[in-house]
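Here's a quick briefing to read with the model open beside you. It covers a trio of helices and then a hairpin.

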Amino acid sequence: MLTVDNLSKSFGKKTVLDNISVQLTHGVYGLLGPNGSGKTTFMRCVAGIYRYNGRIITPSNVGYLPQKFGAFRELTVYEVLEYFAELKGIPSNRQGKDIHDCLEDVNLWERHSDKVKTLSGGMIRRLGVAQALLGNPELILVDEPTAGLDPEERLRFKNLISQHREDCTILISTHIVEDVEALCDHIIILSHGKSICQDTPENIRKAAMKHVWHVSEKRQKELTSPYYILRREQIDGEAYLRVLSNEEQPGKSIQPTLEDGYINMIRGIR
Ligand SMILES: Nc1ncnc2c1ncn2[C@@H]1O[C@H](COP(=O)(O)OP(=O)(O)OP(=O)(O)O)[C@@H](O)[C@H]1O
């Protein structure tokens with residue numbers, strides 16, 4: 001369980017996090033927001049890396065995957081995890097098994113004696129996931145964990161997170177709405193350093209009901225402002241615009257996806 005009360009963080013005069021309060025119990029939480037909205041800064045405050053104003057109560061046992069994980073190039077995969085096992089205070093008689101199991105979980109055991117510098121970018125990401133999960137922490141913070149992973153490894157990551165969801169709190173920052181949809185029970189949306197929404201994926205999707213329209217591209221000139229074109233879509237050989245708007249548009253109102261709901265929140269068209 002994680003409690004954050006009125007968290008604020010500034011760099012010089014720039015306020016990057018503005019009075020954020022959240023309470024997370026067990027399960028998987030998605031942290032969404034545009035570039036620069038404050039997701040990484042939020043994670044770093046919770047992980048205890050930054051000084052901040054406000055109150056954060058975290059368990060003593062935290063796993064953190066930073067957005068950029070790539071140090072220790074001269075160590076082997078196994079040695080990296082040994083180092084983290086020491087930092088986390090895992091008893092030496094348990095380290096061998098825990099490290100083996102974590103590397104199996106992320107499909108890296110075969111490379112355990114290879115130096116980090118010989119791994120691909122996706123493998124280093126997976127090593128980062130392994131160190132975050134090592135020691136079964138109560139709180140797991142993962143910053144863009146699936147960036148750079150191929151589809152099979154993304155699926156493996158999602159299954160791995162699902163296995164841990166019952167016994168801990170997991171906060172995932174990502175831009176991949178599909179991963180959020182597959183994994184998260186709750187979503188926190190940050191915009192300009194503020195928490196603008198904390199809700200379930202289903203409620204975020206539903207909030208965009210009657211705001212998403214299919215408009216034939218031929219009728220683009222008839223669109224009523226304000227509107228936002230989400231994308232162009234081809235249906236039965238005809239080009240349509242997928243349009244977000246709270247105004248009646250010259251087309252059909254359609255079922256929103258979670259991505260539509262997210263953009264609806266971010267753009268404030270409600
Ligand atoms: N060490 C720092 N010094 C000064 N400004 C910083 C620092 N770290 C982050 N910022 C600023 O804080 C804001 C939030 O950055 P942050 O990395 O938390 O956003 P983000 O939501 O994680 O973005 P992205 O999706 O691009 O990873 C940005 O305007 C960024 O320039």
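Axes here are lines fitted to C-alpha atoms, for helices over the stretch in contact, with angles running from 0 to 180 degrees between N-to-C directions. Helices (H or I, at least four residues) and strands (E, at least two) are DSSP runs, numbered from the N terminus. Keep in mind that this is a predicted model: local features need pLDDT of at least 70, side-chain atom pairs count only at pLDDT 80 or more, and totals for chains, interfaces and linings use all residues. Residue numbers start from 1 along each chain as its sequence is written.

**α2 with α4**
- Helix α2 (residues 77-87) and helix α4 (residues 121-133) have axes that come within 10 Å and cross at roughly 30 degrees.
- That makes the pair roughly parallel (angles under 35 degrees; over 145 is roughly antiparallel, 65 to 115 roughly perpendicular, the rest oblique).
- On the α2 side the contact uses Val-77, Val-80, Leu-81 and Phe-84, and on the α4 side Leu-127, Ala-130 and Gln-131 (contact means C-beta atoms, placed from the backbone, within 7 Å).

**α2 with α3**
- The axes of α2 and helix α3 (residues 92-105) also come within 10 Å, crossing at roughly 125 degrees.
- α2 and α3 are therefore oblique to each other.
- Val-77, Tyr-78, Leu-81, Glu-82 and Ala-85 of α2 meet Gln-95, Asp-98, Ile-99, Cys-102 and Leu-103 of α3.

- Strands β11 (residues 228-235) and β12 (residues 238-244) run antiparallel, joined by seven bridges (strands pair if DSSP finds at least two bridges between them).
- Glu-233 has Tyr-240 of β12 as its bridge partner.
- Two residues sit between the strands, and Asp-236 takes a positive phi near 45 degrees.

Methods: Buried ≥ 20, exposed ≤ 12 C-beta atoms within 10 Å, placed from the backbone. Contact = placed C-beta atoms within 7 Å.
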